[in-house]
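Please read this report alongside the sequence and the 3D structure.

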Amino acid sequence: MNAYDADKMADIMCSDRNMERTDDPSKASVLLLNTCSIREKPQEKVFSQLGRWQVYKKTNPNVVIGVGGCVASQEGKSIVKRAPYVDIVFGPQTLHRLPQMYDQVVASRRSVVDISFPKTEKFDFLPKTNLIKPSAFVTIIEGCSKFCSFCVVPYTRGLEVSRPPEQILDEINHLASMGVREVTLLGQNVNAYRAKNSEGARIKLSQLIDQVTTIENIDRIRFTTSHPLQFSHDLIESFSNKKLANFLHLPVQSGSNRILELMKRKHTVETYIAKINKLKKVRPNISISSDFIVGFPGETEDDFRQTMALIETIGFDQSFSFIFSPRPQTPAASMKDTTSYDEKLDRLKRLQAKISSNAMKISKSMVGTSQRILVEKKSKKVKTQLAGRTENNRWVNFDGPENLIGQFIDLTITEALPNSLRGRLYH
Ligand code: SAM
Ligand code: SF4
């Protein structure tokens, strides 16, 4: 989501203020830092990065420095207090106002802070992107209204607001006309998507997916992230449509009902398993990945073992897993936590080793099979090679001509490596 937001910041400054993107901070007249506050560590990095950028302002006082994203949303004015050389502070819902905030700074040389939550106004102002890659993200819902006890998102991104379906379809049609072949529908909980179309009919995620599948040239659809609670029957049925990738990211966080209740996730391990079993009836060999938090306050070794048991039962392929990080304003931050950091780290390592081993087993089972990949770019390591992703989200590197970039092709998988696969084109 932050990658998508960062592209939108660049899009609007390029189109409305005629700027150009650069990856070299010493050449920039505007430096924008997009931030994340989901855990403490990324938040700490913000001020060290700002400190490094301060030197550019010393050499050129006209340089404008902006801080956006969830740390900005949470800290607001205090960012300018701690780093007075920051000119603009904007939140995830006000990034479309960047050009006006920039003008204000240039005219007054005083800092501007806007971290409000205007509903979906943002999308009415954002220009159509000209940064086209074969696979693109499209936000369909903003914010979150779930208030899990550990999570800062509802406070920093605001409550759930769905974009009108016509606006989303219009954006995807534009992307398709520019050569995009795969879209990922994006949101904190995309399956909470509910919006009225221009005729007043209520549209859910499954119906939106149906409409996206009719767009010419969009041949693969993904969505992320979805919440187990609203992973509904109709969404499961959507997987009978072959354009939906054979991969689902469905965060579970813990395999212990006691911890799930403390986390306020509002579902049990049993209902999670039942939903996955239903999905596997529609897609028997689907890859399922998840998010886990280890060391939630009060998590015992027994609770953790239940998480490991769930990993075995589902056979999770890939995960985002982290040690619990207490976040300001959240109820879990003040819960009693007696587990030592070493113990938490040990649990995290055991969990990650188990999931890596599952992922490797799945990768090895793909060797010798034919896989459809979307060729996205030149390979990072070997210049003559290209790289594309399989339906189950694995990068495959292979020898091939550059004109394949942007196309779906079938490959034979020849080797499974820890973080990628190797493949061979059919001749
Ligand atoms: N909405 C999604 C869901 O319900 O699972 C997840 C979105 S959240 C931005 C991404 C992940 O960050 C969560 O699934 C969780 O594993 C992790 N996370 C959130 N708050 C955390 C915290 N306080 N400490 C550690 N990890 C956290
Ligand atoms: Fe955070 Fe996801 Fe829970 Fe929303 S549903 S509060 S984004 S973890």
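Predicted model: local features only at pLDDT ≥ 70, side-chain atom pairs only at ≥ 80, totals over all residues.

Residues are numbered from 1 along each chain as its sequence is written, ligands from 1 in the order in which they are written, and side-chain values use heavy atoms without hydrogens and water.

Helix α5 spans residues 98-108, and its buried residues are L98, P99, M101, Y102 and V105 (buried: under 20% relative accessible area, 1.4 Å probe, protein chains only; helices: DSSP runs of H or I, at least four residues; strands: E, at least two). Because these buried residues fall within an arc of 165 degrees seen down the axis of α5, they line one face of the helix (the arc is that of the directions from the helix axis to the C-beta atoms). Their cover includes α1, β1, β2, β3 and β4 (contact: heavy atoms within 4.5 Å). Just after α5, R109 has a positive phi of about 60 degrees.

Ligand 2 is surrounded by residues including C144, C148, C151, H227 and R265 (near: a heavy atom within 4 Å).

The second largest pocket has a volume of about 530 Å³. Of its 19 lining residues, A10, R21, T22, V30 and L32 lie nearest its centre. The largest share of this lining, five residues, comes from α1.

Methods: Buried < 20%, exposed > 50% of the residue type's maximum accessible area, 1.4 Å probe, protein only. 1 Å grid on protein atoms, 1.4 Å probe; cavity = no way out; pocket = protein on both sides within 12 Å on 5 of 7 lines; lining within 4 Å. Points joined across faces, edges and corners; volume = space filled by probe spheres on them.
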